[in-house]
Amino acid sequence: NMVNQTGHSGRITPVAEFDQVLLAGAMIGRATLHNFKRVQDLGIDIGAVVVITRRGDVIPAVEAVLKPTGTTYPIPTECPVCNGPVEMQGENLMCISTDTCPAQVKGRISNWISAIGVLEWGDKLIDKLVESELVSSIQDLYKLTVEDLMSVERMGEKSAKKCHSLLWAHREIPLEIFIGGLSIPMASTSTIKMLMEAGYDDFYK
């Protein structure tokens, strides 16, 4: 079988699902296909017999097709998460509903929470905040009340207050962490540090 997944960046990745096999000491039943160009190059479709490896003894990968079906799995015409429009960008199929696709919204929120180091805000809480439409951007996090957290996660008042206070405890953060946490394409923390070392160390330069 094949499923399509939309990642935090909006990239839609095809994933092969197959009968589980024992490979390098682990039972494997799924393998990413990276992009749809690879699907076309290999000629993969539902029902094909494929060769699976674990690259570096870790990552499952489809290496070749032993018995094709005579067709190729079609490129999706919409995002599997938000049903929005998609387009090819290089070798990757991208969901272009950047501001509204839940997968991308969750990705930006998760990246921000990770960047500022608030580990108590797990993926489950972020998922529920986005799904309840209480949060659609990073700034929405700072509009949340303790009551909002209690209602969406069904957590106790003590836990909700702790999550709320920990978020606000990170109001002052280094510039590279702040910009890196905004999920700006090609603006990783390491890139920002390089720019800062070159003298671009505030917003006014």
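## Exercises on pockets, rings and loops

The largest pocket has a volume of about 310 Å³. Before you start: this is a predicted model, where local features need pLDDT of at least 70 and side-chain atom pairs count only at pLDDT 80 or more, while totals for chains, interfaces and linings use all residues. Residues are numbered from 1 along each chain as its sequence is written, and side-chain values use heavy atoms, with hydrogens and water left out.

**Exercise 1.** Work out which residues and elements line the largest pocket.

*Step 1.* On a 1 Å grid over the protein atoms alone, a pocket is an open set of points with protein on both sides within 12 Å along at least five of seven lines, and lining residues have an atom within 4 Å of a point. For the volume, grid points are joined across faces, edges and corners, and you take the space filled by probe spheres set on the points.

*Step 2.* Find the lining. There are 13 residues in it, and His8, Ser9, Gln104, Ser183 and Pro185 lie nearest the centre.

*Step 3.* Sort by element. Helices (H or I, at least four residues) and strands (E, at least two) are DSSP runs, numbered from the N terminus. E7 and H2 are the elements that give two or more residues to this lining, and H2 gives the most, with 4 residues.

*Step 4.* Sort by class. Count Ala, Val, Leu, Ile, Met, Phe, Trp, Tyr, Cys and Pro as nonpolar, Asp, Glu, Lys and Arg as charged, and the others, Gly among them, as polar. The lining of the largest pocket then splits into 4 nonpolar, 8 polar and 1 charged.

**Exercise 2.** Describe how strand E1 pairs with strand E2.

*Step 1.* Two strands pair if DSSP finds at least two bridges between them. E1 (residues 2-6) and E2 (residues 11-23) are joined by 5 bridges and run antiparallel.

*Step 2.* Pick one partner: methionine 2 has alanine 16 in E2 as its bridge partner.

*Step 3.* Look at the turn. The hairpin of E1 and E2 has 4 residues between the strands, and glycine 10 there takes a positive phi near 95°.

**Exercise 3.** Characterise the 2 aromatic pairs in the structure.

*Step 1.* Rings of Phe, Tyr and Trp (its six-membered ring) pair if their centres lie within 6.5 Å; planes under 30 degrees apart count as stacked, over 60 as edge-to-face and the rest as tilted.

*Step 2.* Take tryptophan 112 and phenylalanine 178: the ring centres are 5.8 Å apart and the planes sit at 85°, so this pair is edge-to-face. Tryptophan 112 is in helix H2 (residues 102-116) and phenylalanine 178 in helix H7 (residues 175-180), so the pair ties together parts that are 66 residues apart in sequence.

*Step 3.* Check the exposure. Buried means under 20% relative accessible area, exposed over 50%, and partly exposed in between (1.4 Å probe, protein chains only). Tryptophan 112, at 4%, is buried, whereas phenylalanine 178, at 30%, is partly exposed.

*Step 4.* Now tyrosine 142 and tryptophan 168: with centres 5.2 Å apart and planes at 90°, this pair is edge-to-face. Tyrosine 142 sits in the loop between helix H4 (138-141) and helix H5 (146-153), and tryptophan 168 in helix H6 (residues 157-169), so the pair ties together parts that are 26 residues apart in sequence. Tyrosine 142 is partly exposed at 22%, and tryptophan 168 is partly exposed at 29%.

Key: 1 Å grid on protein atoms, 1.4 Å probe; cavity = no way out; pocket = protein on both sides within 12 Å on 5 of 7 lines; lining within 4 Å.
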